[in-house]
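Colleague: I have a model open and want to learn how to read it. Can you take me through a few features?

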Amino acid sequence: MDLSCVQSKNLLEAVQKNRVAEVQTRLRWQEDVDTIFTMGRTALHCAAANSFVETVATLLMFSPNVQLCDSNGYSALHMACSRSGPASGLIIEKLLAVGADVDSANKWGRTPLHECVVSNNVEGARRLLEAGASKGIEDSEGVIPQALAVRMNRAEIQQLICWVDGKVGASEFKPIQKTLTASEEREALTKRLAELKEDQIQELEMVILDKKVELEKTKKRFSKLKEDSGKRLEVARTEVIRLEREKAVFEVDERFKCVKLEKEIDRLATDICVKKMPEKNKYVVSCLKCPVCLDVCKPPLQVWQCPEGHIICGSCKARPELKTCPQCRMVLSGALSRSRVLEELARKTFQPEDEVNLNSGAVEVNRESWYGDDIDWD
Ligand SMILES: [Zn+2]
Ligand SMILES: [Zn+2]
């Protein structure tokens with residue numbers, strides 16, 4: 001079965017939009033043709049009220065209960081009669097053919113024939129009369145269709161009522177003044193208008209009720225969705241905080257381990273360098289050993305000294321806990337100075353490969369850091 005035509009929210013909407021294929025598909029799916037919508041109306045009421053001939057025909061194929069009345073007592077036949085035009089006549093004929101009650105009365109005691117008079121539906125009235133509609137039924141104000149026709153100045157229908165069946169002729173029908181006075185006509189129209197307004201108000205009230213239910217459902221649904229999202233967000237935030245802390249710990253760990261490894265590499269490289277040196281240079285190297293960290297002061301490490309000439313390497317000089325010279329115990333604060341001669345000696349002893357290519361920019365930078373005018377006199 002082709003479901004592509006199903007685009008309305010329910011059967012009523014499909015009828016309101018006159019989507020015949022969809023109506024047919026829905027009913028083939030076993031959807032109940034007599035489903036009751038707002039104001040007790042069915043799909044058939046709606047199709048008849050809109051003069052949708054084809055939709056009415058489709059609905060009739062699924063054997064709806066044509067006697068069902070809405071909350072104001074209107075049957076589908078009443079609905080069809082309250083409209084005019086050729087479509088209305090065709091629908092009335094179809095409804096009568098499947099046994100619609102030709103004389104059912106609505107909340108105001110009006111029959112389909114009364115409705116034809118009100119809407120001046122001449123063709124409808126003819127079909128009703130041919131189908132045997134009673135002419136003597138009084139509405140709640142005691143008015144029979146013919147009298148109503150006179151009162152509302154529906155000459156054609158009035159004649160039709162007399163012509164189709166002679167029983168209600170001149171004898172039974174007391175001719176009311178054919179032309180209405182202006183005030184009578186105004187009164188009748190005002191009454192009809194009030195009825196229509198009441199209908200519309202009731203319908204709108206039902207719609208409001210539906211919307212209120214929908215609003216409550218929507219609120220509940222979104223409140224649940226928000227609650228779920230909030231919980232997930234809280235879990236995610238906790239996880240973010242945990243991961244940030246973990247990352248910070250890794251960073252500290254990485255720094256610590258890398259510095260340690262770099263120092264070890266440097267120490268081993270120095271060892272290799274010393275092993276390759278001539279014997280006389282090895283003595284110089286022993287003089288360049290920092291008494292604090294026991295590392296050899298080799299370029300680009302700076303060499304510092306206490307007023308007594310005891311050396312300290314540039315790294316140890318930066319350590320805040322080192323307050324006195326480890327050899328002569330002299331207070332170091334403000335007393336340290338660079339040992340340029342030893343730095344020069346270290347440079348010559350280690351003869352960095354860079355030295356060969358003094359013109360290269362990188363080497364210049366290296367030289368700057370060691371020979372530059374960055375003496376810190378504390
Ligand atoms: Zn040191
Ligand atoms: Zn000293």
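Modeller: Three bridges join strand β1 (residues 303–305) to β2, and the two run antiparallel. Strands pair if DSSP finds at least two bridges between them. Helices (H or I, at least four residues) and strands (E, at least two) are DSSP runs, numbered from the N terminus. Bear in mind that this is a predicted model: local features need pLDDT of at least 70, side-chain atom pairs count only at pLDDT 80 or more, and totals for chains, interfaces and linings use all residues. Residues are numbered from 1 along each chain as its sequence is written, while chains are lettered from A and ligands numbered from 1 in the order in which they are written.

Colleague: Which residue stands opposite I312 in β2?

Modeller: W304 does.

Colleague: What is the order of the strands in the open sheet?

Modeller: The order is β2-β1-β3, with antiparallel pairing. The edge strands are β2 (311–313) and β3 (337–338), and each pairs on one side only.

Colleague: How do I read a helix face?

Modeller: Start with the general idea. An α-helix has 3.6 residues a turn, so residues three or four places apart point the same way. Then look at burial. A residue is buried if 20 or more other C-beta atoms lie within 10 Å of its own, exposed if 12 or fewer, and partly exposed in between; C-beta atoms are placed from the backbone.

Colleague: Which residues of helix α10 are buried?

Modeller: In α10 (residues 155–164), they are I157, Q158, L160 and I161. Down the axis of α10, these buried residues fall within an arc of 160 degrees, so they line one face of the helix. The arc is that of the directions from the helix axis to the C-beta atoms. E156 and W163, on the other side of α10, are exposed.

Colleague: What do the buried residues of α10 pack against?

Modeller: They pack against α7 (112–119), α8 (122–130) and α9 (145–151). Two residues are in contact if their C-beta atoms, placed from the backbone, lie within 7 Å.

Colleague: How do helices α2 and α4 cross?

Modeller: Axes are lines fitted to C-alpha atoms, for helices over the stretch in contact, and angles run from 0 to 180 degrees between N-to-C directions. The axes of α2 (residues 20–28) and α4 (residues 53–60) come within 10 Å and cross at roughly 10 degrees. The contact is made by V20, V23 and Q24 of α2 and E54, T55, T58 and L59 of α4.
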